[in-house]
Amino acid sequence: MGHRVQLTCFIIPFLCLFSFLVPSAYSKFLYNNFYDRSCPALPMVVSHNVREAYRNEPRVVATLLRLHFHDCIVNGCDASVLLDDTDDFKGEKNTVVNRMLPLTFEVIDYIKEDLERICPLTVSCVDILTLAAREAVLLTGGPFWRVPLGRRDGTTSDPKAIAQIPSPFDSLETITAKFTSKGLDLMDVVALSGAHTIGSAQCSTFKRRLFNFQGTGQPDPSMDASFLSNLRQTCPNRADSNSNRAPLDSVSAYRFDNAYFENLASNTGLLESDQALMTDPDTAALVNIYRMYPRFFFHDFANSMVKLSYVGILTGEEGQIRQNCRFVY
């Protein structure tokens, strides 16, 4: 493992600074064994519920991973994305970017309900979501990593803050700025973009690449011609196709692997923001490393997920432990 990091860092040394800092810099706040005594059944409960959800609806793994990212990148990992709207409260959950499979939210509810019976008011919703994201990656063939635990749930949620989430229409410069504002770096941008090896996207998020790229009236010239033709069949140039979906990784949509990076190298990345990784020499170099060496990708993805899970965390007496992930008390 050390050798793999050294090779990546030898090629792009400045990107690796935080690879070695995460455990020592943050371990005083979170602990891998935080619930070992207070709720030892936690890993089993999370794993069982995510597996059951996956068995019923395979798409749920991608949306769990997406939900975790959306939670952390918007004002920190605090489960704010799980809060329901009420008559006098409007949060992030029902915004356009967080409209996803109902089962995605339900599986978190099921886990929480099980845990409240076993170890009431002990495990935070944000820790549940963080563990569920790891389980989703594992279920689809991705890497294992130890999840530091001990976060507490937030009590607020701001629908306007979803502007912090990278958009499929954002430039690479804008996406990188959004990551760095959270203490993440360029390696994290590329590694976490690799989550798009599973899941799908609505035509509305990439249709302009097919017909009117940057207002030119022409398709994105970087797109592979055969790929473009296939996508135009899925997403014809009319409004009623906007909700149609295409896999983010046309090679292995339900398997967590490095095919996403192969796609970028062959100009078959689905989203404009994905293919943009090939327009910068540093990000393109990482794409090619991950394309050639899947173990490097798995290592860096796991490391970046740990870094992500520390963004804006609440610990100690901050926040609360919700009894129901949909509401504060």
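C77 is buried, with a relative accessible area of 0%; buried means under 20% relative accessible area, with a 1.4 Å probe and protein chains only. This is a predicted model, where local features need pLDDT of at least 70, side-chain atom pairs count only at pLDDT 80 or more, and totals for chains, interfaces and linings use all residues. Residues are numbered from 1 along each chain as its sequence is written, and side-chain values use heavy atoms, leaving out hydrogens and water.

**View 1. C77 and its partner C72 form a disulfide.** A disulfide here is a pair of cysteine sulfur atoms within 2.5 Å, and these two sit 2.0 Å apart. The link is right-handed, with 120° about the S-S bond. C72 is buried too, at a relative accessible area of 0%. By the sulfur rule, the count comes to four disulfides.

**View 2. C39 pairs up with C119.** Their sulfur atoms are 1.9 Å apart. Helices are DSSP runs of H or I with at least four residues, strands are runs of E with at least two, and both are numbered from the N terminus. Both C39 and C119 are buried.

**View 3. C203 and C235 make a left-handed disulfide.** Here the sulfurs are 1.9 Å apart. Why is this disulfide left-handed? Because the torsion about the S-S bond is about -70°. C203 and C235 are both buried.

**View 4. S241 sits in the loop between α10 (225–234) and β2 (245–247).** Is S241 buried or exposed? S241 is buried, because its relative accessible area is 1%. Its side chain reaches the backbone oxygen of R238 at 2.9 Å. Setting aside neighbours within four places in sequence, S241 is in contact (heavy atoms within 4.5 Å) with C203, K207, C235 and P236.

**View 5. The largest nonpolar core has 78 residues.** A nonpolar core is a set of buried Ala, Val, Leu, Ile, Met, Phe, Trp, Tyr and Cys residues joined through side-chain atoms within 4.5 Å. Helix α6 (residues 125–139) gives the most to this core, with ten residues. Apart from it lies another core of 14 residues, including F206 and L228.

Methods:
Buried means under 20% relative accessible area, exposed over 50%, partly exposed in between (1.4 Å probe, protein chains only). A polar contact is a pair of N or O atoms within 3.5 Å; within protein, one must be able to donate a hydrogen and the other to accept it, and residues adjacent in sequence count only if both atoms are side-chain atoms.
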